[in-house]
Every structure is written in structure tokens, then in C-alpha cells.
Amino acid sequence: MTSDLFQKYLRQWDKELAKKNRKTVLLIDNCTAHIELSNLQWIKVVFLLPNITSVLQPMDPGVIRSLKCHYRKQLILHILKCYDENKDCDISLLDAVVLLEKSWRLVAESTIRNGLSHVGTYENTAEGK
């Protein structure tokens, strides 16, 4: 995501919301691409406090890290397969979604359970182990 792409997307979305007469609040983190925009009529942008993402998204540290690790491995395996078959390795959006789905199935249940137990959403009891 770049700031230009972010700005273009938000301005387009603002126009779409105007057609529907629908006001929206958009909560965003402090990514450098997320710039403050003026003249938005239908979108109110609210920036989250710094370093609050891990509080609001407790799955970030473990589950997403695991998913990314599995995804990278699936992507490398896909590239190596193309190389072995002497084919070009163009990855379509569908290919990426399939790799993501495979990767998600590889995330261990214990990783998800551990991520949820840190915020009290899941009680890690003897029955739940």
C-alpha cells in the first residue's frame, strides 16, 4: 500500500458512499501509507493510537506470524515446482488464494488457542487442550 493508492481508494470510496447517502467511520492504524485526507464528505477517518494494534488484534503475534510463515513456504514450493517443470511462474490472484487456504489449514489449533487465551476469549483448561 502506498499513500497515493490509499488516497485514490478513499476518494473513490467517498464518491460511492455519496451515491448511497451513507456516512462511514474508518478506523485505521498508523501505517506510513495512511495519510490524513481533506475534503472527504462521507468518510470520517479516525487514526488509532500508536502500538494499539496488538491490543485490538490479539491474533497478530502468533496466528498471523504462523500463517505468513506457512504461506511463504507454500509460495516457495510453488515457485520450485514451476522451476522443476521449466515453466514460467506467474501467480494469479486465484493461485494466491489457494496458497493462502492451504497455509491456513497448516496453522496449528494450539497456535490459535494460545492466541485467544492471551486475551481471555478462550479459557485454556484441561478439557480444551
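How do the residues of the lining of the largest pocket divide into nonpolar, polar and charged? The model is predicted.

1. Lining by class. Five residues of the lining of the largest pocket are nonpolar, two are polar and five are charged.

2. Lining by residue. Q74, L77, H78, K81, C82 and E85 line the largest pocket, and so do K87, L94, D95, V98, L99 and K102.

3. Volume. The space in the largest pocket comes to about 190 Å³.

4. N21. This residue sits in the loop that runs between α1 (3-20) and β1 (24-28). Its phi is near 55°, which is positive, and N21 is not a glycine. Most residues other than glycine have a negative phi. N21 counts as exposed because its relative accessibility is 58%, and the cut-off for exposed is over 50%.

5. N39. Here the loop is the one between β1 and β2 (43-47). The phi of N39 is near 70°, again a positive value in a residue other than glycine. Is N39 buried or exposed? Its relative accessibility is 63%, so N39 counts as exposed.

6. For the check of the backbone. Please look at N21, with phi near 55°, and at N39, with phi near 70°. N21 lies in the loop between α1 and β1, while N39 lies in the loop between β1 and β2.

How values were computed: Residues numbered from 1 in each chain as written. Predicted model: local features only at pLDDT ≥ 70, side-chain atom pairs only at ≥ 80, totals over all residues. Heavy atoms only, no water. Helix = DSSP H or I, 4+ residues; strand = E, 2+ residues; numbered from the N terminus. Buried < 20%, exposed > 50% of the residue type's maximum accessible area, 1.4 Å probe, protein only. 1 Å grid on protein atoms, 1.4 Å probe; cavity = no way out; pocket = protein on both sides within 12 Å on 5 of 7 lines; lining within 4 Å. Points joined across faces, edges and corners; volume = space filled by probe spheres on them. Nonpolar A, V, L, I, M, F, W, Y, C, P; charged D, E, K, R; others polar.
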